[in-house]
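Work through the exercises below with the sequence and the structure in view. Try each task before reading its solution.

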Amino acid sequence: MKSTPLSLIAGVVALAAVTGFAALNAPGDTGAPEAKAAARLPVERSSLLCPAPSSSELADTTYTSFTPAGASAGEGGGEAGTAELTPSVPLPVDGEDAPAGDADKEKGKDGKTSKDAAKPVVALKGNGKPATAETSASNAPALIGTATGRLAPGWTAQQTTMTSAGDGRGLLGVTCTAPDTDFWLPGASTAKSRQDYIHLTNPDDTAAVADVELYGPEGVLESDAAEGITVPARSSVPLLVSTLTTEAVDDVTLHVTTRTGRVGAVVRVADEKAGSDWLTASDDPSGTLVLPGIPADATSVRLVAFAPGEDDADVKVQLMGKSATFSPAGNASLHIKSGMTTSLDLKNVTRGEPGSLRLSPEGGSVTPIVAALRVVRGTGAEQEVAYIPATEPVGARASVADNRAKGSVLSLTAPGATAKVKVTVSAGSEGGGSAVKTYTVEGGTTLEVTPEAPPGLKGSYALTVEPESGGPVHAARTLTVEEDGINMFTVQTLPNDGGTVEVPAAEQDLSVLDD
């Protein structure tokens with residue numbers, strides 16, 4: 001009698017959870033296996049990248065790390081694991097402020113905190129409760145994060161920076177992104193009124209080489225400086241977008257690809273009139289896109305779209321409001337020429353009610369596009385800007401961290417059928433309980449929810465969204481902080497957290513194999 005070692009079985013399962021594929025045949029088995037349904041298993045490793053937050057002396061940054069509790073995060077008896085964000089370069093020394101959190105309490109006799117560059121800035125202790133750290137350093141580095149074991153499925157990290165004055169003033173929020181090889185970022189600019197920096201961060205131990213293509217309203221922008229950009233190992237490179245071309249254009253689409261390696265790619269936008277925020281990548285090119293979470297009091301909404309293929313795109317523009325879906329007056333459709341960035345001024349399209357934008361094919365042809373919204377609240381000297389990229393549905397689950405006792409609003413949008421959605425408010429980062437509430441989102445509408453702070457809240461909390469029935473749901477969180485009488489704000493979308501991976505069923509029962 002022969003038996004397959006348990007270690008081999010465990011290895012197959014582990015390989016499947018990391019790579020998404022594993023199969024094993026019994027020795028001597030030459031027959032065609034019977035097809036079996038694929039299973040979903042929790043991932044065992046996750047990676048996130050947070051860009052360098054700010055070069056301003058007036059900036060204060062909060063990092064928040066969170067992994068939701070739940071079956072997928074704890075089933076299978078896996079190891080507890082770790083979830084750490086570490087600096088891409090040594091931390092500040094000699095009197096400069098360095099990130100301070102649970103992982104930064106012990107210092108050397110000389111007071112320096114960068115003796116060990118790999119020391120975590122934020123180290124998550126367990127599921128269901130956020131961990132935080134803060135810094136006011138003007139040279140705070142980008143962070144590279146890895147989560148393993150039970151902390152990997154659904155892991156998210158939020159970077160929130162308050163800059164109270166200067167050209168980069170504003171509330172800058174970004175959900176730290178996973179490394180990849182291809183990014184579309186419509187909504188950047190090379191205009192004189194803008195100072196946009198694209199941040200490329202390499203999480204790996206070997207250098208990455210990236211290309212940045214720029215597309216304006218007339219097509220490709222000539223550039224000699226955007227090709228073959230080397231991003232050293234475990235480092236971050238910020239590039240001023242206007243220096244990549246000699247052409248000054250209001251609306252630009254950036255396409256970042258890598259020749260070797262992986263990077264994270266996000267744009268820090270600075271507008272001399274409307275302030276600053278982060279622009280993250282649009283969802284992959286698709287014929288239908290949803291851009292959720294336009295605030296009810298938006299004074300200006302500008303759509304920037306791009307068709308990357310060979311065909312032009314004709315799209316229907318619709319706003320999913322509080323009670324119905326409708327086309328904005330005079331802006332019911334948009335023609336997007338292939339390879340050319342197209343913009344549409346929707347003005348104060350929400351008119352006092354929360355909404356989400358849906359772009360869908362018009363005229364029968366389906367042409368993939370990418371898109372983002374530039375959203376302004378306030379007027380005159382009290383303007384404040386944020387960006388909303390097209391985003392995929394929540395899927396099974398999505399979370400967003402760094403919610404405050406005041407100022408957090410969740411937008412839920414059901415572009416198709418009516419959906420029932422469970423929203424979990426986590427325990428606070430410094431204490432307090434959690435809470436769960438279920439909402440119904442009518443098809444074709446946007447529901448704005450102001451979460452109730454969890455009982456005994458201390459610190460910040462996370463929100464986890466889980467659709468329970470009905471059609472797909474898209475979500476976004478708006479965080480507002482008042483500073484000097486101005487409602488500074490930032491919007492983060494909630495795409496699926498990728499907490500599980502589809503694994504093909506084993507082709508053979510390995511428990512007992514006869515001679």
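**Exercise 1.** Which residues of the largest nonpolar core touch the most other members?

Solution. The model is a predicted one. Start with the membership: the largest nonpolar core has 31 residues. Within this core, Ile198, Leu200, Val212, Leu214, Leu254 and Val256 touch the most other members. Next, look at the strands: strand S13 (residues 208-216) gives the most to this core, with four residues. Then take one member, Leu200, and leave out residues up to four places away in sequence. The residues that Leu200 touches include Ala210, Ile229, Val231, Val237, Leu239 and Val256. Ser235, Ser236 and Gly264 are also among its contacts. Finally, another core, of 29 residues, lies apart from the largest one; Leu289, Ile294, Leu359 and Ala476 are among its members. As a general background, nonpolar side chains in soluble globular proteins tend to be buried together.

**Exercise 2.** Find the disulfide, state its handedness, and say which parts of the chain it ties together.

Solution. The count comes to one disulfide. A pair of cysteine sulfur atoms must lie within 2.5 Å to qualify; those of Cys50 and Cys176 are 2.0 Å apart. The torsion about the S-S bond of Cys50 and Cys176 is about 105 degrees, so the disulfide is right-handed. Now place the two ends.

Are the two cysteines buried or exposed? The cut-off for buried is under 20% relative accessible area. Cys50 has 0%, so Cys50 is buried. Cys176 has 4%, so Cys176 is buried too.

**Exercise 3.** Give the strand order of the open sheet of four strands, and name its edge strands.

Solution. The order is S2-S8-S4-S6, and the pairing is antiparallel. The edge strands each pair on one side only: they are strand S2 (45-50) and strand S6 (122-123). Inside the order, strand S4 (residues 83-87) pairs with strand S8 (residues 143-148) over five bridges, in the antiparallel sense. As a check on the structure, find Thr86, which stands opposite Ile144 in S8.

**Exercise 4.** How many helices and strands does the protein chain have, and what percentage of its residues are buried?

Solution. The protein chain has two helices and 37 strands. Of its 515 residues, 52% are buried. For the contacts, consider those between residues at least 6 apart in sequence: 81% of these join residues at least 24 apart. For the surface, the chain exposes about 21,700 Å², and carbon and sulfur atoms supply 48% of that area.

Definitions and conventions
Residues are numbered from 1 along each chain as its sequence is written. This is a predicted model: local features need pLDDT of at least 70, side-chain atom pairs count only at pLDDT 80 or more; totals for chains, interfaces and linings use all residues. Side-chain values use heavy atoms; hydrogens and water are left out. Two strands pair if DSSP finds at least two bridges between them. Buried means under 20% relative accessible area, exposed over 50%, partly exposed in between (1.4 Å probe, protein chains only). Contact means heavy atoms within 4.5 Å. Accessible areas come from the Shrake-Rupley method with a 1.4 Å probe; for residues, only the protein chains shown count as cover. A nonpolar core is a set of buried Ala, Val, Leu, Ile, Met, Phe, Trp, Tyr and Cys residues joined through side-chain atoms within 4.5 Å.
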